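Please look through the sequence and the 3D structure shown here, and keep both at hand while reading the report that follows.

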Amino acid sequence: MPKRVKGLLVSQVGYEQGALKRALRRSTARDAHLDDAAWQIYREAGGPPIDEGRLRYWGACWGSHWWVADFDEVTETGSFRLKVKGEPPSDVFDVGDDLLWERCFDWMALSQLERRQELTERKLGWMDAGGTWTESNSQSVTVIALLELLEDTPNGLDEATRRRLGEQVDNGLGYLALCQDTAVERGEGDGALCHMITRKMPDYVDRCIAPDAAKAAVAWAMDARLRGDRVDVREDTLARAERALRWCLSMEPEGRLGFNHHQRGLPESYEPPAGQWPTRELLMRAWACVELAGAERPGYAAQASELIDAALGRQADVSEAIDGLHGFFFEFDDRHHAEPSWAHQIVDGVIGIDAGATYPQWVDPIARFIKAWPDHPRTPVYLDALRRYTLGYLKPACERNPFGLAPQLLHREHGLLNFVGPWHGMNCIYGLTARLLLELEDLLKVDGLRKLAMGNLQWIAGLNAGLTPEGLAGCFLSSPDTVPGVALPVSMIHGVGRRWAGGWTTIRGSVCNGFAVGRQFHFDVPVDAAVDGPHQFTDEDWLPHAVAFLTGLSRWRVR
């Protein structure tokens with residue numbers, strides 16, 4: 001980090017009416033003159049201030065000091081600047097009704113995906129990163145997010161838009177069907193899926209792994225539940241979901257195959273317990289069961305409950321708190337370490353247990369079970385577990401940084417970490433966590449979760465730590481504008497916002513990996529709280545980042 005970095009940070013895409021509106025002042029030195037400094041908001045066109053207040057010193061985090069200006073009371077729509085006494089004015093920012101949706105939806109959900117489909121070898125599925133990559137896990141995540149868009153907005157999309165979204169759902173499901181059919185033809189087992197089908201990559205990329213099958217089962221079952229009026233395809237869709245789930249449940253855990261020790265901050269000597277799947281896999285399978293039950297397949301409610309109970313057996317109680325936090329989930333029964341939020345890695349050239357681990361500590365299937373069966377005898381237990389997770393871990397963990405960001409890792413020695421560990425940024429976590437926070441607020445009636453959800457969305461939309469010239473060392477193909485000694489906030493949605501950072505594909509509406517520690521795709525920084533922070537910027541624009549943002553944003557719009 002340079003000796004001196006400062007910046008006044010505002011959203012580059014815009015602020016929603018009725019949502020948290022915030023600006024932050026960043027400095028790597030303790031500028032005491034900013035404590036309680038006056039700020040005012042002016043219309044871009046000029047005139048008297050429309051709002052004013054005083055900066056609140058938030059504290060030190062990630063090697064910088066932070067001051068906060070909240071201006072929730074601004075109810076005018078339009079373009080504005082914020083001026084702090086003795087400081088240059090901020091970038092222009094916009095405030096409006098449904099502004100993020102209007103500026104992002106068409107590009108992210110429609111045009112981007114249609115372009116990515118055209119760039120695949122078979123015009124089937126979506127190119128998910130550089131080259132010809134079309135990993136089945138990313139395709140499943142995208143299908144699920146599109147179905148959630150359709151579910152969240154039953155009357156909010158016109159017929160042409162719903163048709164285009166439906167075509168993209170069919171496109172993704174078509175690729176998943178090809179992965180399943182190819183795996184069966186190769187003798188991998190009934191219901192298995194190849195991780196990826198391509199003519200230009202090494203053989204290891206089409207290996208069949210259980211996590212891929214679980215996500216595909218969710219995608220197929222959710223499609224059958226939500227679009228079940230298509231009688232001609234419903235039975236085939238449900239059959240594929242059930243076959244994928246059965247194959248997934250029949251597979252033996254793979255131990256350390258594809259298990260990344262570095263990004264968890266674990267010694268190489270650690271051995272995952274034999275015969276155990278990570279907690280995230282138990283809950284993903286439970287989600288598939290909940291969806292199959294919702295599609296009127298018998299017997300899956302009981303199976304979902306069994307899987308959820310197995311996951312809850314790993315929930316940390318107060319006596320097991322790490323860094324003052326509890327209610328989180330250990331990764332295995334040995335209770336050795338907390339499960340990380342992000343583990344999508346291909347380790348030592350092996351597609352294994354971490355490949356496709358896209359979802360954070362994903363308790364959403366428990367919430368879905370509660371909503372589906374409110375009178376189930378286990379529902380009170382599940383509600384209590386979600387409350388302990390929310391109040392003991394997720395909410396206080398997000399509140400430990402000025403942006404409300406979801407954490408990456410809770411480490412026994414180093415405590416809560418946000419960026420160090422993974423080999424690239426992980427913007428997918430933030431969109432999905434936004435959705436989860438909104439679901440939990442709706443279910444548990446816990447105050448403050450909605451603001452945290454918007455903080456995670458706004459990080460992607462441009463209210464973030466800002467780019468510096470030194471931070472661009474993490475980029476491969478992009479070179480956005482920077483200013484020495486200044487942190488410039490950027491939209492991480494390609495082509496959307498007043499200032500945005502590029503991505504590999506240059507497809508408008510795509511979202512790059514984002515902020516991290518160290519070089520992209522290199523585990524070159526040890527897991528250590530002393531180096532944690534948004535110090536590097538990584539520019540690979542992986543497919544799930546954008547749809548995760550959209551599914552969080554669509555849930556925000558549900559009132």
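Arg335 is found in the loop between helix 7 (300–312) and helix 8 (364–372), where helices (H or I, at least four residues) and strands (E, at least two) are DSSP runs numbered from the N terminus. This is a predicted model, in which local features need pLDDT of at least 70 and side-chain atom pairs count only at pLDDT 80 or more, while totals for chains, interfaces and linings use all residues. Residues are numbered from 1 along each chain as its sequence is written, and side-chain values use heavy atoms, with hydrogens and water left out.

Most residues other than glycine have a negative phi. Arg335, however, has a phi near 55°, which is a positive value in a residue other than glycine. Lys123 also has a positive phi, near 55°, and is found in the loop between helix 1 (99–118) and helix 2 (136–152).

The table lists relative accessibility, for which buried means under 20% relative accessible area, exposed over 50%, and partly exposed in between (1.4 Å probe, protein chains only).

| Residue | Relative accessible area | Class |
|---|---|---|
| Lys123 | 41% | partly exposed |
| Arg335 | 23% | partly exposed |
| His65 | 18% | buried |
| Cys61 | 11% | buried |
| Cys512 | 2% | buried |

## The sheet

Strands of a sheet pair through backbone hydrogen bonds, either parallel or antiparallel. In this model 5 strands form an open sheet in the order 2-9-8-4-5, with mixed pairing, and two strands count as paired if DSSP finds at least two bridges between them. Strand 2 (15–16) and strand 5 (51–54) are the edge strands, each of which pairs on one side only.

Strand 4 (residues 38–43) and strand 8 (residues 78–84) run in the antiparallel sense and are joined over 5 bridges. Within this pairing, Gln40 has Lys83 of strand 8 as its bridge partner, and Trp39 has Val84 of strand 8. Strand 8 also pairs with strand 9 (residues 93–96), in the antiparallel sense over 3 bridges, and there Gly78 stands opposite Val95.

## Helix 3 and its ends

Helix 3 (residues 159–185) has 27 residues and spans 38 Å from its first C-alpha to its last. This reach is close to the 39 Å expected at 1.5 Å a residue, where the expected span is 1.5 Å times one less than the number of residues. Just after helix 3, Gly187 takes a positive phi of about 80°.

## His65 and the cysteines

His65 is found in strand 7 (residues 64–70). A polar contact of 2.6 Å joins the side chains of His65 and Tyr57; such a contact is a pair of N or O atoms within 3.5 Å, and within protein one must be able to donate a hydrogen and the other to accept it, while residues adjacent in sequence count only if both atoms are side-chain atoms. Not counting residues up to four places away in sequence, His65 touches several residues, including Arg25, Ser27, Tyr57 and Gly59, where contact means heavy atoms within 4.5 Å.
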